[in-house]
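Student: I have a model open and would like to know what stands behind the terms used for it. Can we go through them one at a time?

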Amino acid sequence: MNDYLRPGLTDNSLEEQLILAEEKKDPNAQFLLGESYYYGKGVERNYAEAMRWYYKAAENGLVKAQYLLGVFYRYGSRGLIRDENKAKKWFEKAASLGCEEAIRELER
């Protein structure tokens with residue numbers, strides 16, 4: 001899971017990432033914004049905002065965001081209530097795109 005939980009942005013790239021995330025709907029930029037808010041890198045820590053960006057990235061097909069949402073729902077994290085059905089949904093999406101970690105979670 002460590003590959004999916006790396007710190008996000010620096011102060012220098014925040015504006016660029018916002019443009020990519022909002023205007024171009026770039027899922028990688030959306031994920032990095034989620035990471036930034038989650039860890040408080042370049043912005044004030046805000047878990048609700050982090051989840052908003054993780055969702056956008058996941059909905060735009062980013063496997064690591066789909067997997068991460070599955071983890072958050074399975075174990076409950078940062079304001080998300082444990083919900084096995086939602087966890088399974090996100091793990092299935094990530095697994096369908098070849099995410100081995102998601103496949104292992106579905107086997108549990």
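**Terms and values**

Tutor: Start where helix 2 begins: a side-chain oxygen of aspartate 26 comes to within 2.8 Å of the backbone nitrogen of asparagine 28. The model is predicted, so local features need pLDDT of at least 70 and side-chain atom pairs count only at pLDDT 80 or more, while totals for chains, interfaces and linings use all residues. Residues are numbered from 1 along each chain as its sequence is written, and side-chain values use heavy atoms, with hydrogens and water left out.

Student: What makes the pair of aspartate 26 and asparagine 28 a polar contact?

Tutor: A polar contact is a pair of N or O atoms within 3.5 Å; within protein, one must be able to donate a hydrogen and the other to accept it, and residues adjacent in sequence count only if both atoms are side-chain atoms. Here an oxygen and a nitrogen lie within 2.8 Å.

Student: Why is helix 2 called largely enclosed?

Tutor: Because 10 of its 13 residues are buried, including Phe31, Leu33 and Tyr37. Buried means under 20% relative accessible area, exposed over 50%, and partly exposed in between (1.4 Å probe, protein chains only).

Student: How do you know that leucine 69 is buried?

Tutor: Leucine 69 has 0% relative accessibility, so it counts as buried. It sits in helix 4 and touches Tyr54, Tyr55, Ala58 and Trp90, not counting residues up to four places away in sequence. Contact means heavy atoms within 4.5 Å.

Student: Why are helix 3 and helix 4 called oblique?

Tutor: Helix 3 (residues 47-59) and helix 4 (residues 63-75) pack at about 130°, with axes 8 Å apart. Axes are lines fitted to C-alpha atoms, for helices over the stretch in contact, and angles run from 0 to 180 degrees between N-to-C directions. Under 35 degrees is roughly parallel, over 145 roughly antiparallel, 65 to 115 roughly perpendicular, and the rest oblique. The two helices are therefore oblique to each other.

Notes:
Helix = DSSP H or I, 4+ residues; strand = E, 2+ residues; numbered from the N terminus.
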